[in-house]
Amino acid sequence: MARADEAAVLQLYRSLPVQRRREIAAASTPELRAQLVRIERELAMDRSPGAMASVLTDGREMQAPHLAKIDAAFEQVAAGKPTKLLLTMPPRHGKSRRAARWAPLWYLRRRPEHRVMIASYSSDLADDHGRWIRDAVLTHGPQIGISLRSGSSAANRFDLAGAEGGAVMAGVGGGLTGKGAHLAVVDDPIKDAAEAASPTMRKRLWEWWQAVLLTRIEPGGSVILIQTRWNEDDLAGRVLADEGDRWTVIDLPALALSEDDALGRPIGTALWPERYDTDALAEIRRSVGERVWWSLYMQQPRPQDGGVWQWQWITGSRLSADQFRGIDLARIVVAVDPAGGESAVGDETGIVAAASDREGHLYVLDDRSGNRGADAWGRETCLLAIELRADAIVVEANYGGDMSRQILHQAWQDLQREQRTENMLMPAVLSVTAKHGKRLRAEPIAQLYEQGRVHHVGEWPKLEQQMVTWVAGMDSPDRMDAAVHALTQLADPQHTGLSATSYHDGRLSGRR
């Protein structure tokens, strides 16, 4: 075969689907197969940072679904799609190695005409990343197809031979005058808890972000911010508050918190179980404490102090399903705080179920809150009431009035037609009006928590996080408001004119 013909065949081979390439390789001569193996390695290295890392390390580089999320962001940028990505994830989960080392190396292979900027909390750390990438180019240059320009091999800045691209490294707060970038990767911009707790340091970081880093991005350039959360007002928090609607946000807590988890994990599933399974994470949680756990590992930072609830009030009285099973319940209610009211936090509809026993202890049984329209929240509330055999539905009427009652009655009638009410009487619908301030509503319930009289049956992470992060002056989130309404009804039913003795239809008979 002539050299030109052979080149054409090999070029065609690159464009074929995988199965067809395998068939050709199986039928090839040893000499041709060797060339095809080389092409397959190149195709793999083109695919993603993780694939290139696997090829160059003979499969030793660790892979995981959450690291593939980082890969996907760089793939999008390399494909010419301007990207603003905020990715939050816990420490020791491989984010820096992938995002600040392998991925920039891969990006320069794919786009050698572009310049990459890498920033971390200190220039030393940024230079470590730059030194690693530089050394990788020197080691693997022939395989990945790039090399360093002669005389340009400093750890904090180097250029590629035969192209305009290269990389520059900087510590957060450092100058970048005259240095532009098509892609900026900001990895771990906060050094430690002390720095995160300092308003001065947070302000300084934000000013550097706005006045220095963002001004160095080339037209159509991309920014990838990857960090562990430290504080509500850290860099990620400010980005979310300032222009969160313009960013792609991928939140990866150590344990999945919601059904819409970025990786599709069931709630409570570990992020990287091969390295940190649920038992290992539980040990970390015990070691670092609740504040650090929720900030660094769950990406849910909370205020340092001043919260109406305290973590130990919740965790110290928590019950498992087995512990709860033998308790004699007196009443069960479901409370609803419709979206669109006083709260602007998440704009969710709070749906929380709670129960009381005959000794005056209260139990949070379920949290079905979420972003739902009126028909959806009415139906979900009634379904939960049926499931738990609730005797009442408590609904905040400030912002819906009779409309909320109508939504619930319509949902119940629909379920009756579908024969899904299990022959239950419709629970009493109790409208409550939040006449008092948020703190005045919440404090009596928080005091019951402090006294050990409120027990969460299982874990309800989003609800609990809202409770311990809420302080006076903040908008009160809907999950928390729904829980307060449910527990208030059970602790002081006379405030709505209904107590357990007010029923005359026997709906509470047989309740254990």
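User: Which helix gives the most to the lining of the second largest cavity?
Analyst: In this predicted model, α9 does, with three residues. Helices are DSSP runs of H or I, at least four residues, numbered from the N terminus. Both α9 (199–213) and α10 (235–243) supply at least two residues of that lining.

User: What makes a residue part of the lining, and which residues line the second largest cavity?
Analyst: A lining residue has an atom within 4 Å of a cavity point, on a 1 Å grid where a 1.4 Å probe fits but cannot get out. Ile190, Arg202, Leu205, Trp206, Asp233, Asp234, Leu235 and Arg238 line the second largest cavity, which holds about 40 Å³ of space. The count is two cavities of 30 Å³ or more.

User: Which classes make up this lining?
Analyst: Four residues are nonpolar, four are charged (Asp, Glu, Lys, Arg) and none is polar.

User: Why is α5 called roughly parallel to α6?
Analyst: The axes of α5 (residues 65–78) and α6 (residues 95–110) cross at roughly 30° and come within 10 Å. Angles under 35 degrees count as roughly parallel, so α5 and α6 qualify.

User: Which residues of α5 and α6 meet?
Analyst: Leu67, Ile70, Asp71, Phe74, Glu75, Val77 and Ala78 in α5 meet Lys95, Arg98, Ala99, Ala103, Pro104, Trp106, Tyr107 and Arg110 in α6 (heavy atoms within 4.5 Å). The contact has ten nonpolar, no polar and five charged residues.

User: What conventions apply?
Analyst: Residues are numbered from 1 along each chain as its sequence is written, and side-chain values use heavy atoms, without hydrogens and water. Local features need pLDDT of at least 70 and side-chain atom pairs pLDDT 80 or more, while totals for chains, interfaces and linings use all residues.

Notes:
Axes fitted to C-alpha atoms, helices over the stretch in contact; angles between N-to-C directions. Parallel < 35°, antiparallel > 145°, perpendicular 65-115°, else oblique. 1 Å grid on protein atoms, 1.4 Å probe; cavity = no way out; pocket = protein on both sides within 12 Å on 5 of 7 lines; lining within 4 Å. Points joined across faces, edges and corners; volume = space filled by probe spheres on them.
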